[in-house]
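Here are my notes on the charged pairs, as promised. Have the model open while you read.

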Amino acid sequence: MPELPEVEVVRRGLAEHAVGRAIDTVTVTHPRAVRRHLAGGADLAARLTGLRIDSAQRRGKYLWLTFDEPGTALVVHLGMSGQMLVQPAHAPVEKHAHIRAVLGDGAELRFVDQRTFGGWALADLVEVNGTVVPDSVAHIARDPLDPLFDREAVVAAIRAKHTEIKRVLLDQTVISGIGNIYADEALWRAGLHGTRVAADLTRPVVRTLLDGVTAVMTEALAVGGTSFDALYVNVNGESGYFSRSLAAYGREDQPCDRCATLLVREQFMNRSSFSCPKCQRKPRRR
């Protein structure tokens, strides 16, 4: 599932290729693509038609467009395979293109989603702690790349949690943008096992962990994010290359880049965690 770097790559592409353009028509061809918009596809299409895209914004893994109509946002849920593509009008229509918005110059903004977990939904904009966000995103914490991210406040919030540190990293109400990939990468950089209890970590250790989160996502963003298949792409249909630089995630039975010990895979919250058994020792059971 796309995490902060992948969503930011998409946001930047939309900012470059869609912002400033008017929406002439919208066609919805799959009901699941608008299931979060409770009024239905026809209502979404009617309300978007004629609007000009003013900005492409993001918080954590959440992406939205704003328009010249005040107070309205289009929240884009990428799900596991959602793509936001800006295509020439003559480009062949993708098999799983479930929403198509014709822009003023004839180009099309297409939402392509093979697994249909994503979708579009209109939302009201609200102000939360000095920042305007869609009401459906109001509960999401700031992410490490947000200029207003308060590292010390997040350090305190993490240390107040009496649960495993990886669970805390994945809690979007504490810190947003981190998913399974970048949690494993940041924990490897900090030399922490994901089952360490957050409240037991010292402030310097948590600061080091957050610095690792910021660094790994910044590095991933620089190369277009992490792609393991053709489902995650930018608005031009191109994949990211950070998968070549991963130190932990997906590297079971490969040598640790730090100590050469073979990395291991463990079950965690119905998913997998990857770590070095030497560099990231498991905590003793209480």
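Which side chain does Arg21 meet in a salt bridge? Keep in mind throughout that this is a predicted model.

1. The partner is Asp105, with 3.0 Å from N to O. What I like here is the placement: Arg21 sits in the loop between helix 1 (4-17) and strand 1 (23-28), while Asp105 belongs to the loop between strand 6 (97-103) and strand 7 (108-113), so this contact ties together parts that are 84 residues apart in sequence.

2. How exposed are these two? Arg21 comes out as partly exposed at 24% relative accessible area. Asp105 is also classed as partly exposed, with a value of 49%; the cut-off for exposed is over 50%, so Asp105 stays in the partly exposed class.

3. Next, have a look at Arg52 and Asp54, whose side chains form a salt bridge with an N to O distance of 2.8 Å. Arg52 is partly exposed, its relative accessible area being 35%, and Asp54 is partly exposed too, at 33%.

4. Arg151 and Glu152 make another salt bridge, this one at 3.8 Å from N to O. The cut-off is within 4 Å, so the pair counts. Arg151 has a relative accessible area of 31% and is partly exposed; for Glu152 the figure is 38%, again partly exposed.

5. Then there is a network: Glu8, Arg11, Arg12, Arg58 and Asp143 are joined through salt bridges that share partners.

6. For the overall tally, searching the whole structure turns up 21 salt bridges, and the Arg21 to Asp105 pair is one of the salt bridges you can check by eye.

Note on methods: Residues numbered from 1 in each chain as written. Predicted model: local features only at pLDDT ≥ 70, side-chain atom pairs only at ≥ 80, totals over all residues. Heavy atoms only, no water. Helix = DSSP H or I, 4+ residues; strand = E, 2+ residues; numbered from the N terminus. Buried < 20%, exposed > 50% of the residue type's maximum accessible area, 1.4 Å probe, protein only.
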